[in-house]
Amino acid sequence: MKNKLRIVFLGTPEFAVPSLDMLVEQGHDVCAVITQPDRPKGRGHKMIAPPVKQRALELGIPVYQYEKLSREGLQLLQELAPDLMITAAYGQMLSSKVLAVPPYGCINVHASLLPEYRGAAPIERAVIEGKAQTGVTTMYTVRAMDAGDILEQDILPILPEDTGGSVRAKLSQIGAGTLQRTIEKLIAGTLKRTPQDESKVTYAPMFERGFGKVDFTQSAQQICDLIRGANPEPGAYAMLDGLKIKLTFAQVAQGSGTPGQILMSDPKQGLIVGAGDGAVRIMRLQYPGAKEMDAGDFLRGRGKLLQQGMQFEQ
RNA sequence: CGCGGGGUAGAGCAGUUCGGUAGCUCGUCGGGCUCAUAACCCGGAGGUCAUGAGGUUCAAAUCCCAUCCCCGCAA
């Protein structure tokens, strides 16, 4: 076997960029990058190119974008004739015809310890559910979502101060290493494949609209895990007077009281809210129209808006 | 041309409706009190009020115009 492969890379968000970089640095022939189409995003509906596209253009790699790759891009893939395809958070399911193009198959980088957390939001779900560790898995891509044979895995402990964003950043880097090792073993002929234990499968579906509203009847620990896991995306929040107040960092605090009620509101002592079990100290928050800031800063300037005794809506 | 909020001292805000000495809570610096302190008292420094040799005016943070940046919603 050759020791440098001709590869088509399929990926979309920031998470996939380190893996793309790695392939190039390792000297593989990344002959094309396929990514999701540019989308109108943000204020003003400006068209935004996916991070992987931006990086590919910097690297001088041809970029192709399809609404439906399986229908529109099959011929291109066949003409490119890659040895191997790599997917990393691409965002589309691939047809069996597409998967059949590269002789060495299609390998996916997934941000969980499969068979746990198959699906679109494995990183945030792991933090939100209070897991002590998560990781990255490489596996062969099959037609069922994240169900292919496992190739290589790396484990990452989730620290108490970790957020969805911090874990995502770490796994993004780790994933490049996992993928590198996977390809090295593939080339060396020592790669082993392990079927997933179907009895241990769990799913991490995409977050539905409205997700992230804090349920203050949960335990203080559960609330804090939701807040940090959902930070920065999709975001955790509480409603007060019809306003959505984003909560971006919290700690378990002393005390107890009515769930959702502000037990203390003081620039020095902090913002304490009752939980179903215990209480949480809101450390950082974001009021509509304002920047994210420390709770103390907010109370110093706009403390009238979050006074002791006020009740977050359930 | 998607809808809306906002840019005032190192931080968070008030003042803008009805133009007329730039203020509050903190932080910071100095001093005091205290066994001590994130407490308390006294004093000080710190701001071209986002930008524009813009417009109106005797006078603009405030009214008008343009531009830049930030945030929420919606996608």
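## Charges over rings

Let's start with a ring and a charge: the charged end of Lys244 sits over the ring of Tyr237, 4.4 Å from the ring's centre. ("Over" takes NZ of Lys or CZ of Arg within 6 Å of the ring centre and within 35 degrees of the ring normal.) Arg125 does this with Phe211, its charged end being 5.4 Å from the ring centre.

This is a predicted model, where local features need pLDDT of at least 70, side-chain atom pairs count only at pLDDT 80 or more, and totals for chains, interfaces and linings use all residues. Residues are numbered from 1 along each chain as its sequence is written, chains are lettered from A and ligands numbered from 1 in the order in which they are written, and side-chain values use heavy atoms, leaving out hydrogens and water.

## Rings in pairs

There are three aromatic pairs here. Rings of Phe, Tyr and Trp (its six-membered ring) pair if their centres lie within 6.5 Å; planes under 30 degrees apart are stacked, over 60 edge-to-face, and the rest tilted. Phe207 and Phe211 have centres 4.5 Å apart and planes at 40 degrees, so they are tilted.

Phe216 and Phe312 are stacked, with 5.5 Å between centres and 15 degrees between planes. Phe216 is buried at 0% relative accessible area, and Phe312 is buried at 3% (buried is under 20% relative accessible area, with a 1.4 Å probe and protein chains only).

## Meeting the RNA

How many residues surround RNA strand B? The count is 20, and Arg43 and Arg209 are among the closest (a heavy atom within 4 Å is what counts).

Definitions and conventions: Buried < 20%, exposed > 50% of the residue type's maximum accessible area, 1.4 Å probe, protein only.
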